[in-house]
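Please open the model in your viewer and keep the selection panel at hand.

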Amino acid sequence: MIDASVRAGLQRQTMQLGETEIELFQGGTGPALLFLHGGAGLQQDAPFLEALARRFTVIAPVHPGFGASSLPFWLDAIDDFAHLYLELMHRLGLTGITLLGHSIGGWVAAEIATKSTSAIARLVLVAPVGIKVGPVDKLDIPDIYAMSDDQVERLLYAEPDKWRRDRTKMTDADLLVLARNRQTLALITWEPYMHNPKLKHRLHAIDVPTLMIRGAQDGLVSGEYAAAYAKLIQGATLTTIDGAGHAPQIEQAERFVEEIKRFAGA
Amino acid sequence: MKIWHFSETAYPYLPDPASYESVRVDLPNKFFDPEKGAALFDRFIKEWQVAEEEGLQIMLNEHHQTPTCVDPAGPLLLAALARVTSKARLLILGNPVANRRDPVRVAEEMAFADILAHGRIDVGFVRGVPYEISPANSNPVYTNERQWEAIDLIVKAWTNHEGPFSHEGRFFHARRVNIWPRPYQQPHPPIWVSSTSAEGARRIGARGYNQATFLTGYNNTKPVFEGYRRGWREAGRGNDVPIHRLAYAAFVYCADNEVWHIGINKIPTHFANPPGYNTLEANAKGMRIGLGRYPKAPTVDAAVEQGIMFAGTPEQVLRQFEKFYDHVGGFGHLLVAGQSGFLSHDDTVHGIRTLSREVLPQLGERYPDTAISGQFREMTPA
């Protein structure tokens with residue numbers, strides 16, 4: 001029997017954390033899972049979230065400056081997001097959670113875990129960015145600000161034609177959100193580009209089981225990068241999902257959810 | 001009415017545009033021949049000297065990583081011109097202070113240039129066009145806020161004479177600011193800021209700085225100047241906004257023969273519109289209509305009709321100018337893009353001389369510097 005709240009989708013609420021007001025989507029039953037979205041924003045009705053909500057209480061905040069979450073003038077870095085979510089976990093009384101982050105959300109999750117794992121049982125990083133492991137004269141992550149939208153989509157998806165959104169069919173409100181998400185992403189990832197130089201020196205301190213997931217066709221996060229990232233976290237395992245690019249939770253939702261359930265022992 | 005001769009200092013010897021995706025940011029500098037480049041500056045500087053001889057003022061700017069303007073350091077060119085001229089005003093429009101990391105250094109450069117020029121510098125500040133973002137690695141978000149914090153810090157550095165002060169702002173930090181030399185002009189050189197939006201102009205009007213708008217034509221210039229006047233009045237500066245606070249930049253070519261054409265500005269969207277540079281509303285709108293193509297360079301006739309160019313014989317230029325001036329309610333400075341890379345030295349000099357000898361005197365008569373801006377007249381067609 002499917003839980004009524006799951007059929008109705010994740011429920012929206014807002015939450016004031018210091019000077020920042022965020023939107024927050026929540027639903028499902030079971031152990032708590034905190035999902036931190038990536039640079040494209042939160043798709044609260046994505047099938048993988050609905051599926052996860054059958055096994056977990058899914059809590060999915062919208063990052064400051066994305067969606068309808070506010071963006072104080074002083075708030076401009078991934079580190080700010082990490083502090084915000086530590087506060088959120090404390091306010092909601094969360095313990096023993098699965099912390100799941102995608103792309104920049106994975107970067108936030110890693111930063112959180114290097115600060116405190118007291119509320120966290122396990123960490124899942126999906127195509128995370130946030131460290132620099134390559135040489136000085138080569139970007140670890142291709143410069144998404146120096147290529148056309150079309151080129152970016154080709155790096156993001158194994159099947160770009162299937163998953164890219166048709167902007168001419170989006171509402172004005174949706175386009176405004178899209179523009180805002182892109183703007184905030186630029187603000188927080190511009191320089192240093194897509195990373196915190198200190199993060200790789202802190203990852204060794206993460207003391208919870210960690211799973212890294214990467215799509216085999218991910219054109220932004222390479223296999224070498226993910227392997228180097230995983231190697232820096234004690235006991236971390238790296239799983240590659242075929243037929244998926246930078247967002248395996250979208251392109252291979254079923255396989256993805258199975259991996260999470262298996263890892264969480266649910 | 002002051003006329004300022006401006007050259008973009010373009011390097012025109014480029015391969016076929018079909019062979020590259022972007023003329024700015026990415027075009028390799030293997031296409032720059034240093035000897036040809038040096039010779040170009042010999043002629044550009046000579047043209048500015050001719051402008052001075054003819055009673056015009058001098059304006060320059062800077063751009064980065066592009067053959068469309070091979071002067072990446074306005075302060076250096078300013079210093080060079082300061083020592084080979086003696087009476088023209090020298091306007092740098094402008095220092096791209098949203099992209100410069102160290103406003104105190106900018107304050108020093110301008111103060112020093114003013115000393116080298118014995119007090120002839122007009123200092124301009126700009127946000128920088130969007131394709132300057134990538135070369136400067138400058139965050140495209142909060143460029144307006146960075147620009148204004150920088151301007152405030154620069155003006156304070158110029159006008160503080162009692163020893164070090166500190167600044168710990170949102171974007172810039174400096175613990176002991178105490179520049180030497182101070183500017184030649186006291187309390188500081190005239191300040192110009194450019195803006196092509198009514199809201200930007202409003203902020204400039206509130207400060208009382210000179211405001212320049214570029215190539216905004218018949219449709220978009222009046223709202224910008226109105227924005228300036230609104231800011232001026234709201235700040236309690238009085239109802240009347242003097243004409244010499246406002247400037248308009250256009251292509252101007254004055255001659256009997258048709259040698260002009262407007263250069264190409266082939267730039268892909270990701271450099272022409274980085275996220276955060278334009279407002280969310282503008283970007284959302286752009287996404288719906290799928291902006292991906294860069295506009296073609298207009299023909300001379302189209303440019304004249306739009307009001308971004310005045311071209312033809314002196315009589316024609318005068319008539320076009322008068323029509324435009326009356327439509328937008330007047331301005332005190334005409335910034336003349338008199339050389340955009342395709343005009344020969346002789347043609348450029350000819351244009352400068354003709355403008356100065358056959359157009360400027362009439363403008364001076366018809367548009368006194370004491371005029372008040374915002375008086376509109378629609379001219380009936382000739």
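Two strands are said to pair if DSSP finds at least two bridges between them, strands being DSSP runs of E of at least two residues, numbered from the N terminus. This is a predicted model, in which local features need pLDDT of at least 70 and side-chain atom pairs count only at pLDDT 80 or more, while totals for chains, interfaces and linings use all residues. Residues are numbered from 1 along each chain as its sequence is written, and chains are lettered from A in the order in which they are written.

Select strand β8 (residues 210-214) of chain B, which runs parallel to β9(B) and is joined to it by four bridges; Q211(B) has L246(B) as its bridge partner. On β9(B), move to V252(B), whose bridge partner is F310(B) in β10(B), a strand (residues 309-312) that is parallel to β9(B) and joined to it by four bridges.

Now colour β9(B) itself, residues 246-254: nine of the nine are buried, so the strand is largely enclosed by the rest of the structure. A residue is buried if 20 or more other C-beta atoms, placed from the backbone, lie within 10 Å of its own.

Next, show the largest nonpolar core, of 83 residues, where I58(B) and L335(B) have the most contacts; β9(B) gives the most to this core, with nine residues. Such a core is a set of buried Ala, Val, Leu, Ile, Met, Phe, Trp, Tyr and Cys residues joined through C-beta atoms within 7 Å.

Finally, select both chains: 19 residues of chain A are in contact (C-beta atoms, placed from the backbone, within 7 Å) with 18 residues of chain B.

Key
A residue is buried if 20 or more other C-beta atoms lie within 10 Å of its own, exposed if 12 or fewer, and partly exposed in between; C-beta atoms are placed from the backbone. Two residues are in contact if their C-beta atoms, placed from the backbone, lie within 7 Å.
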